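This report describes the ligand site and the sheets of a protein model. Please consult the sequence and the structure shown below while reading.

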Amino acid sequence: MYARYIPPAGGNAPSKPSRDSSVAKQSPAPSPAPAASVATNGDGLSYSRYIPGAKTQQQTELPSIQRFEEEADSPKPKRKRSDGEPPLQSQKKKPRKSKRRTLEVESEDESEDESETDTEPEEAETKAKRGSKREVRKENEPEQEQEQESAEEEETKPKKSRKSEKTGDDLKLNNEEKKKKKKDKKRSETSDHGDEDDEQRPEQVDVDEASPGAQDAEMVDAEPPAEDDVEAPESDEKQVKKAKREKKKKSQDADMDDAPAEDGEDKRHKAVFERKAKSLKYAEIIKEQGIVEEPEEPIELHGLEPLPQPARTAPSTEKPAYETLPPWLSAPIRVSVDTRTPFTDLGILPKAARVLEQKGYTEAFAVQTAALPLLLPTNKQQPGDLLVSAATGSGKTLAYALPIVRDLSNSVVTRLRALVVLPTRELVKQAQEVFELCAKAYEGEDRKRVRVGIAIGNQSLASEQDLLVSKETRYDPEAYKQLEQEASHRTSSSNSEDDLDDFLTGPSTQRANPRIGPWQGQVIDFYSKVDVLICTPGRLVEHLDQTPGFSLSYIRWLVVDEADKLLAQSFQGWLDVVLDKFKTNEFGARDFPDMPYAGVRKILLSATLTRDLSLLNQLALRRPKLIVLESGKDVQVAEHSLPESLKEYAVRVHDANLKPLYLLDLLRSPHMAINDDAKNVDLGTEAEAQSDSSSETSSDDTSSDSDSDSASDTSSDSDTSSESDSDSDAEPSARNKKAHSKPSKSQLPRSLIFTKSNEAALRLSRLLILLDKSLATQIGTLTSTTPTSIRRKTLRAFTTPSSPLRLIIASDLVARGIDIPKLPHVINYDLPPSVASYVHRVGRTARAGRSGCAWTLVGDGESGWFWGKIGKSAAVKRSQKVARVMIEEMSEERIEEYENALEKLGKEALESRKR
Ligand SMILES: Nc1ncnc2c1ncn2[C@@H]1O[C@H](COP(=O)(O)OP(=O)(O)OP(=O)(O)O)[C@@H](O)[C@H]1O
């Protein structure tokens with residue numbers, strides 16, 4: 001609260017500026033036209049101001065003090081008054097009044113901003129004063145200005161509150177009366193100009209009020225008129241007025257000086273008390289009359305109010321799910337690598353378990369423990385497809401072979417019911433051995449011997465066709481007619497381009513249905529000779545296209561081993577062809593007798609199984625489950641995992657040009673010898689025993705075998721005959737050398753050495769022999785150009801302990817899946833092309849829980865890639881770190897030998913090219 005001094009009314013009429021400012025603030029109050037007057041300065045300058053006439057008449061008393069804290073009380077009574085009492089002004093002004101009223105309400109509601117809104121016009125007024133006529137400044141002494149301001153505020157109040165209209169009537173009237181008197185006086189003094197102004201004034205007011213920015217207009221009004229408007233005749237009048245004003249001022253000052261200060265104080269206090277009394281009285285009247293207060297309009301805050309905020313929600317306790325993989329892939333079935341379970345506990349018949357035990361399979365490995373219950377018919381769960389991601393040598397083959405054979409052994413008729421697809425011939429052969437073992441295990445006791453066939457293209461297509469499909473011709477005119485009708489219907493809808501084919505390959509009806517015999521009325525029936533076909537994808541497509549009667553209509557199992565490779569590469573689009581054949585389903589052909597399941601169950605396996613759903617989705621998997629192996633400490637499921645028993649070494653190669661010498665030094669180094677000698681002794685005795693048992697098995701198979709086996713043995717393929725020769729050679733030599741099973745010291749540790757290409761493998765093997773002639777009998781080579789018979793011969797010799805063969809230098813042909821029993825060392829002479837390739841290469845050792853070592857020669861320029869992608873990569877799960885091995889510097893003498901060997905190699909290459 002603060003008090004403002006306003007000089008006593010005693011004849012000191014407020015100066016013109018003060019009147020102006022009051023008008024500016026008073027604009028909301030309607031007034032009849034006459035009330036709008038033209039304020040004219042003493043010097044003749046005129047400007048229009050809106051002054052409510054009613055108030056002018058009410059002015060009886062000059063306020064001495066205004067206490068602004070009382071303004072806070074004013075709005076309410078004012079509102080009541082406005083609603084309850086009719087306005088005093090004429091009907092003409094009503095619309096304007098309502099408009100003004102709206103503005104008033106807004107200003108009232110902004111009670112907190114009142115002081116601001118009040119001061120703004122004052123400031124405007126002050127500016128107006130400052131920027132306006134100098135005469136006004138001269139006339140208005142500071143005290144007068146205070147008086148003027150208080151008068152303005154006094155007049156502004158009616159705008160804001162009706163209460164102040166009522167309670168402050170006396171004060172304002174006094175002020176207004178003075179103004180009026182002065183005005184009248186001026187009028188009398190002024191000439192016709194003044195009258196003209198009077199006439200113009202209402203118009204100006206109307207324009208101001210009618211305009212949307214009425215307040216702005218008022219502010220503009222508050223500004224002094226431009227000096228251009230000053231007319232020459234008025235200058236005399238101005239001077240007269242000025243003189244009068246100065247006179248008045250002097251007398252006023254004299255009064256002020258004379259009046260005792262105490263009187264002023266008393267008056268002010270008196271005025272305050274009077275106002276208070278009036279306010280209280282007015283409140284009582286309201287109470288008595290029962291005037292209901294208009295409910296307060298909602299306060300509209302501008303600028304300072306807090307921004308609207310959204311309602312706070314309780315923090316969610318649910319964990320966010322960022323998983324985009326399907327649950328079966330993100331949460332696979334995890335099995336500890338160390339898990340071992342008796343086969344009988346997994347639902348394997350005791351007789352079958354005994355056969356497996358004879359082969360050395362005493363207990364089921366971890367992956368078998370997890371997979372067998374899911375695939376065997378004893379599983380009462382809703383069966384579905386299965387994916388297995390387990391390290392190399394973990395026994396995946398038996399995990400799918402055993403349940404498939406168990407299922408097929410229940411059937412009576414031989415039909416092709418299982419299809420196993422593998423990427424290489426060697427793997428097909430390997431899988432065939434496992435299936436044969438299982439077939440033997442499940443043979444007898446009301447079970448049929450499951451027949452296993454292979455298709456790898458190592459012999460002519462016709463020979464393979466004979467092994468897979470048999471045919472019988474019978475005379476059946478009716479069936480013939482029917483088949484012919486079906487065939488002609490099919491061919492008629494086909495292309496006319498077939499005419500050329502008809503000419504070349506015979507009637508189209510025969511091609512459309514191979515069951516139609518060559519003679520009228522003859523019908524051909526085809527029978528599958530195998531229950532299981534293990535094949536490479538390319539050869540499979542060939543049979544589907546060209547082998548009459550080769551059908552996948554009865555297929556119940558589809559196994560895709562080394563699935564990542566088979567799905568990533570097209571292999572003549574084998575998958576699309578096969579899945580298309582699955583669509584045509586013989587009624588009941590795919591029913592599993594012991595299971596509530598029909599259709600083709602798919603099994604996908606790999607040591608580096610892809611998690612790429614776009615690849616996996618090609619197979620249209622149904623209710624898939626994923627099995628992964630994990631070591632106790634591992635939480636993360638890595639895409640590539642290495643056998644726990646594998647030791648890895650990185651051999652630094654300073655000079656890549658001398659790499660063959662580094663290899664030789666490594667082979668002769670104590671590092672490898674330590675890891676090899678003792679095992680070689682074991683390997684010798686064990687492997688011999690194994691070779692004996694395997695030869696027994698093979699003889700068993702041959703004797704008891706069906707047409708397919710004997711056919712394969714008696715195949716016209718030259719490779720096969722040579723194989724049998726070599727085998728027969730190998731056996732006696734092994735027996736002869738039984739006594740010398742302990743390897744000599746000059747022998748190198750048994751190692752499988754991988755190079756980057758066929759050429760590199762051949763070149764390296766020859767170079768090593770040129771460097772050390774004693775190695776000639778110890779080195780073998782395996783590449784994709786090696787004939788199949790030689791491949792098999794080499795692999796057999798390598799696994800035979802009595803054989804002098806100690807090293808196999810190979811391309812990536814044998815990197816995948818090849819099972820070389822108890823191979824102690826794998827050497828990456830050249831770096832593998834990918835991480836997956838590394839995993840498969842080194843996975844040829846440390847199989848079936850045995851220990852093994854992987855050595856990688858790393859050139860200085862290759863170390864970044866090796867350590868980044870393989871040696872220290874988190875993508876490869878390994879039980880122990882990769883160790884570093886240093887090879888001593890080469891002597892000059894050795895380097896010279898090496899250069900000589902290189903020279904010889906060059907000459908040999910030239911000669912072979914000439915030939
Ligand atoms: N239950 C078992 N007990 C003993 N040896 C087994 C058992 N199961 C499999 N093996 C042997 O483990 C070795 C590896 O088996 P297999 O070839 O099936 O492994 P894999 O997981 O398919 O390996 P890769 O991924 O390299 O193809 C084979 O020599 C096999 O005879």
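In which sense do E5 and strand E16 pair, and over how many bridges? E5 and strand E16 (residues 625–630) run parallel and are joined by four bridges.

## Basis of the model

The model is predicted; local features need pLDDT of at least 70, side-chain atom pairs count only at pLDDT 80 or more, and totals for chains, interfaces and linings use all residues. Residues are numbered from 1 along each chain as its sequence is written, and side-chain values use heavy atoms, with hydrogens and water left out.

## The eight-stranded sheet

Helices (H or I, at least four residues) and strands (E, at least two) are DSSP runs, numbered from the N terminus. Two strands count as paired if DSSP finds at least two bridges between them. Eight strands form an open sheet with parallel pairing, in the order E5-E16-E8-E15-E14-E9-E13-E10. Its edges are strand E5 (333–336) and strand E10 (452–455), each of which pairs on one side only. Neighbouring strands are turned against each other by 15° on average, direction ignored.

## The seven-stranded sheet

An open sheet of seven strands, with parallel pairing, has the order E20-E21-E19-E22-E23-E18-E25. Strand E20 (779–782) and strand E25 (883–885) are the edge strands, and the twist from one strand to the next averages 25°. E20 is joined to strand E21 (residues 807–810) by four bridges, and glycine 780 stands opposite isoleucine 808 in E21.

Two helices that pack on this sheet are H33 (residues 835–842) and H34 (residues 863–871). The direction of H33 makes about 150° with that of E22, and that of H34 makes about 140° with that of E23.

## The ligand site

Of the 19 residues around the ligand, Tyr361, Glu363, Thr397, Asp819 and Arg847 come nearest; a residue belongs here if one of its heavy atoms lies within 4 Å. A polar side-chain atom of aspartate 819 lies 2.5 Å from an oxygen atom of the ligand. An N or O atom in the side chain of arginine 844 is 3.1 Å from a ligand oxygen atom, and one in the side chain of glutamine 368 is 2.9 Å from a ligand nitrogen atom.

Terms used:
A polar contact is a pair of N or O atoms within 3.5 Å; within protein, one must be able to donate a hydrogen and the other to accept it, and residues adjacent in sequence count only if both atoms are side-chain atoms. Axes are lines fitted to C-alpha atoms, for helices over the stretch in contact, and angles run from 0 to 180 degrees between N-to-C directions. Contact means heavy atoms within 4.5 Å.
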